[in-house]
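Open the model in your viewer and keep the selection tool ready. This tour goes stop by stop: what to select next, and what is there.

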Amino acid sequence: MPTYDLVVVHPLVLLSVVDHYNRVAKDTKKRVVGILLGETYKGRVDITNCFAVPFEEDDRDPNIWFLDHSYLEGMSAMFKKVNAKERILGFYSTGPRLREADLDISDLLSNYAESPLLLICEVQPKEMGLPTTAYYPKEQIREDGTQKSQKVFVNIPTEVGATEAEEIGVEHLLRDVKDSTVSNLSSEVSHMASGLRALKSRLSEVQEYLSLVLEGRLPVNHDIMYHLQDVFNLLPNLSVEELLRSFAIKSNDMMLAVYLASMIRSVLALHNLIDNQEQRVWQEKLGQKRPELKNGKAKEDSKAPAKEDSQAKAGQEESKK
C-alpha cells in the first residue's frame with residue numbers, strides 16, 4: 001500500500017467541485033461526490049482533474065447509499081482517451097466532515113485505485129485557511145491485540161498548486177472578479193488581517209489540544225509534540241539584547257517611513273486644496289469680466305452706424321453745393 005506525504009490540489013479541481021455543488025446541492029444539506037484524477041510521484045500526489053458521479057444517500061440511515069460505478073467506469077475510459085497519464089486517485093466530497101459511509105465508498109474505489117484518497121472540499125468554509133483536507137485509509141492494529149484490525153482515515157498535508165498555464169488562466173478569471181476600486185494597500189491589509197485570524201484559530205486549536213492532554217482526556221501524540229517543539233525552536237530568542245536592538249531599529253525605520261508617507265499625503269492634500277481655491281477665484285473673476293467686455297463691444301457697434309450716417313450726410317451736402 002503506497003504512502004502519501006503531500007497532496008497538491010490544482011485550481012481546476014476546486015472550480016469543478018464548486019460547480020458540481022451549485023448545480024446539484026445548492027441551498028440543501030446534501031453533499032456531492034466525485035472522482036479525483038491525477039498522478040503520483042515519490043509520495044507527492046497531484047490532483048489535476050475530477051468529474052462528478054451520481055450519488056445518493058439516506059439522511060436517516062448513513063449506511064444506505066448509492067454510487068453509479070458503471071457511470072464511473074465510462075467516464076474514466078473517456079478521460080483516459082484525453083490524457084492517458086491521469087488515473088483514478090480517489091474521490092472528493094463536500095463534507096464538510098467525514099461520514100460513516102466514506103470508508104465503504106473507499107472500499108468500493110479500491111477496485112480502481114490501490115489506496116483511494118478522500119478529499120473533503122468545504123464549499124462554504126466557516127474558518128480561515130485552506131478549504132481542503134485529504135485522507136487515505138490505513139489499517140490500524142491495536143498493540144494489545146484486543147480488537148481486530150480496522151481501517152481508519154489518516155490525514156495528509158494539503159496545499160494548492162498550479163502549473164504556469166493554470167496560473168495564467170486563474171489570473172484571467174480573477175480580472176472579472178477583482179474589484180478595481182479597492183487599492184492594493186487595502187487588499188494587502190485585508191489579506192494580512194485574514195492571515196492573522198487564521199493564525200489565531202490555529203493557536204487556539206493547539207492550546208485546546210494541549211489542555212486536553214494535560215487533563216488526561218487525550219493521549220500524548222509524540223509526532224504532534226515534535227512538530228510543536230520545532231515551531232518553538234524557530235521562534236526568536238527575545239532575551240538577547242542585540243536582537244532586541246535590531247527589532248527596535250527595524251520597527252523605528254518602518255514607523256519613520258509611515259510617518260513620512262502621512263506627512264507627504266497631508267502636504268499634497270493641502271496643495272490640492274489651495275490649487276482648487278485659486279482656480280475657483282480665477283473663474284469668478286473671469287465670469288465678472290465677460291459681461292463688461294460684452295457691454296463695451298455693444299457700445300462700439302452702436303457708434304459705428306452713427307459715424308457712417310454723419311459721413312453720408314456730409315457727402316450729400318457737398319454734392320449739392
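## First stop: a pair in helix 7

Select E284. At 43% relative accessibility, E284 counts as partly exposed. Here buried means under 20% relative accessible area, exposed means over 50%, and partly exposed is in between, with a 1.4 Å probe and protein chains only. This is a predicted model, in which local features need pLDDT of at least 70 and side-chain atom pairs count only at pLDDT 80 or more, while totals for chains, interfaces and linings use all residues. Residues are numbered from 1 along each chain as its sequence is written, and side-chain values use heavy atoms, with hydrogens and water left out.

R280 forms a salt bridge with E284, and their closest N and O atoms are 2.8 Å apart. A salt bridge here is a side-chain nitrogen of Lys or Arg within 4 Å of a carboxyl oxygen of Asp or Glu. Why are R280 and E284 separated by about one helical turn? Because they are 4 residues apart in helix 7. Helices (H or I, at least four residues) and strands (E, at least two) are DSSP runs, numbered from the N terminus. R280 is partly exposed too, with a relative accessible area of 40%.

Stay in helix 7, which covers residues 241-320. Select Y259, found in this helix. Patches are made of residues with over 30% relative accessible area and no salt bridge; like charges are joined within 9 Å, and nonpolar side chains (Val, Leu, Ile, Met, Phe, Trp, Tyr) within 5 Å.

## Second stop: salt bridges elsewhere

How many salt bridges does a search of the whole structure find? It finds 8.

Select E57 and R31. Their side chains meet in a salt bridge, 3.0 Å from N to O. E57 lies in strand 4 (residues 55-57) and R31 in the loop between helix 1 and strand 2, so the pair ties together parts that are 26 residues apart in sequence. Is R31 buried or exposed? R31 is buried, at a relative accessible area of 5%.

Next, take D107 and K151. Their side chains also meet in a salt bridge, 3.2 Å from N to O. D107 lies in helix 3 and K151 in strand 9 (residues 150-156), so this pair ties together parts 44 residues apart in sequence. D107 is partly exposed at 36% relative accessibility. K151 is partly exposed as well, with a relative accessible area of 30%.

Keep D102 selected. The buried residues of helix 3 (residues 102-109) are D102, I105, S106 and L109. Look down the axis of helix 3: its buried residues fall within an arc of 100 degrees, so they line one face of the helix. That arc is taken from the directions from the helix axis to the C-beta atoms.

Select K200 in helix 5 (residues 184-215). K200 is exposed, with a relative accessible area of 63%. K200 and M128 are 72 residues apart in sequence, yet 9.9 Å apart in space, C-alpha to C-alpha.

E208 is found in helix 5 as well. Select E208 with E122, E127 and E205 to see a negative surface patch. Lys and Arg count as positive and Asp and Glu as negative; His and the chain ends are not counted. The place of a charge is taken as NZ of Lys, CZ of Arg, CG of Asp or CD of Glu.

## Last stop: two loops

Select D27, in the loop between helix 1 (11-24) and strand 2 (33-41). D27 has a positive phi of about 60 degrees, although it is not a glycine. D27 is exposed, with a relative accessible area of 71%.

Then move to K42, in the loop between strand 2 and strand 3 (44-52). K42 is not a glycine, but has a positive phi of about 55 degrees. K42 is exposed, with a relative accessible area of 71%.

Methods. Areas by Shrake-Rupley, 256 points an atom, 1.4 Å probe, with all protein chains shown as cover.
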